[in-house]
Amino acid sequence: MKQFSYIRVTSSDAAIAAVSKDKSATFLAGGTNLVDLMKSGVTGPERLVDINRLPLTKIEETKTGLRIGALAKNTMVAEHPLVVKHFPLLSLALKAGASPQLRNMATVGGNMMQRTRCHYFYDTAMPCNKRNPGSGCGAIGGVNRMHAIFGASDKCIAVHPSDMCVALTALDAVVTVKGPKGERKIPFGDFHRLPGDTPEVDNTLQRGELIIAVDIPFNEVGGYAHYLKVRDRASYAFALVSVGAALSLKDNNIADVRLAMGGVAHKPWRLREAEAFLKGKKATVENFQEAARMVMAPAKSQGSNEFKLTLAPNTIVEALKLAAANGNI
Ligand code: SF4
């Protein structure tokens, strides 16, 4: 493991100054992904700026929704009464992720910043444009059953691994970040990016910007929610395909609906076309199947992940059925 220096800061300004001035520095929060990456030599920051003492752990109701501090632990968010009451989809997605021990350590901001779990990214003997730009992509033409079916490029076909981020995308969350030039807000759907020609860049943060909080606006899709995660093991495994679905129903008509997928693209994949199709229609299996067909039109297999072309639409339909039946959660 490469040697590094460590400092602990107690203000966001000090944290931002430390990382924006030093290209080899990075923020350390829960460390549940970063430390693994450092141990295996995938990344090698020369300076860790520990932000765990910053006052960014609050979960509080605002006039328009819920504000979750970037350092709130995943367990704390999943079990918070306001989250369970207003945004059960987020609670369900968080509980589907990782293991209880990891959720106790991992923070909201860190969850957003976690890197792909593509095996080639973690194997420093293999080519990987994300780890080593210009070296090639081992997964294209290689073992790629976990990889993307939407939005991939000829440089990278990796997927984003988070469950929490799928729910936050569906719920129209907004990220507040702070950098050397002050604060700005990023719609959650614009936070992560597609790989294009620069797969080494996972998100739209600028150098030195720190995630401060995530705001989720109140909505009408509260109680009818389900997060369906299909994976190789019953727990502690990343999604082959996941679907976050939330509905509001009036006389079995869909008044509003939110849909997003995980395990299928380099970013959480919002299904806006399917949402527009479903609004105002009956909550029937036939309509759910038609919505899933629309979603799959641009899907493309990479070889070993051909099965996702069948698994994904089936998961969409099943998640919507379960969400529609879950009005009492
Ligand atoms: Fe690297 Fe992306 Fe290719 Fe995986 S899919 S080997 S992360 S470039």
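A nonpolar core is taken here as a set of buried Ala, Val, Leu, Ile, Met, Phe, Trp, Tyr and Cys residues joined through side-chain atoms within 4.5 Å. Buried stands for under 20% relative accessible area, exposed for over 50%, and partly exposed for values in between (1.4 Å probe, protein chains only). The model is predicted: local features need pLDDT of at least 70, side-chain atom pairs count only at pLDDT 80 or more, and totals for chains, interfaces and linings use all residues. Residues are numbered from 1 along each chain as its sequence is written, and side-chain values use heavy atoms, with hydrogens and water left out.

**View 1. The largest nonpolar core has 38 residues.** Ile68, Val77, Leu90, Met112 and Ile216 touch the most other members of this core. Two or more residues each come from strand 5 (65-69), helix 3 (74-79), helix 5 (88-95), helix 7 (108-113), helix 9 (164-170), strand 6 (174-179), strand 8 (210-217) and strand 9 (224-230). Helices (H or I, at least four residues) and strands (E, at least two) are DSSP runs, numbered from the N terminus. Helix 9 gives the largest share, six residues. Apart from this core lies another, of 35 residues, among them Ile254, Val257, Ala265 and Ala323. In soluble globular proteins, nonpolar side chains tend to be buried together.

**View 2. Ile68 and its contacts.** Contact means heavy atoms within 4.5 Å. Leaving aside neighbours within four places in sequence, Ile68 is in contact with Lys58, Ile59, Val77, Val83, Leu90, Val108, Ala213, Val214 and Ile216.

**View 3. Gly69 in strand 5.** Gly69 counts as buried because its relative accessibility is 6%. Beyond its neighbours within four places in sequence, Gly69 is in contact with Leu56, Lys58, Val108, Ile212 and Ala213. Cys137 is 68 residues from Gly69 along the chain, and their C-alpha atoms are separated by 36 Å.

**View 4. Thr75 in helix 3.** With a relative accessible area of 18%, Thr75 is buried. Its contacts, neighbours within four places in sequence left aside, are Pro100, Arg103 and Asn104.

**View 5. Gln114 in the loop between helix 7 and helix 8 (119-122).** The relative accessibility of Gln114 is 12%, so Gln114 counts as buried. The side chains of Gln114 and Arg117 are joined by a polar contact of 2.7 Å. Such a contact is a pair of N or O atoms within 3.5 Å; within protein, one must be able to donate a hydrogen and the other to accept it, and residues adjacent in sequence count only if both atoms are side-chain atoms. Leaving aside neighbours within four places in sequence, Gln114 is in contact with Asn33, His160, Pro161, Ser162 and Phe238.

**View 6. An open sheet of three strands in the order 1-3-2, with parallel pairing.** Two strands pair if DSSP finds at least two bridges between them. Strand 1 (5-8) and strand 2 (25-28) are the edge strands, each pairing on one side only. Strand 2 and strand 3 (residues 47-50) run parallel and are joined by four bridges; Leu28 has Asp50 of strand 3 as its bridge partner. Helix 1 (residues 12-21) lies across strand 1, strand 2 and strand 3, at about 145° to strand 2. Axes are lines fitted to C-alpha atoms, for helices over the stretch in contact, and angles run from 0 to 180 degrees between N-to-C directions.
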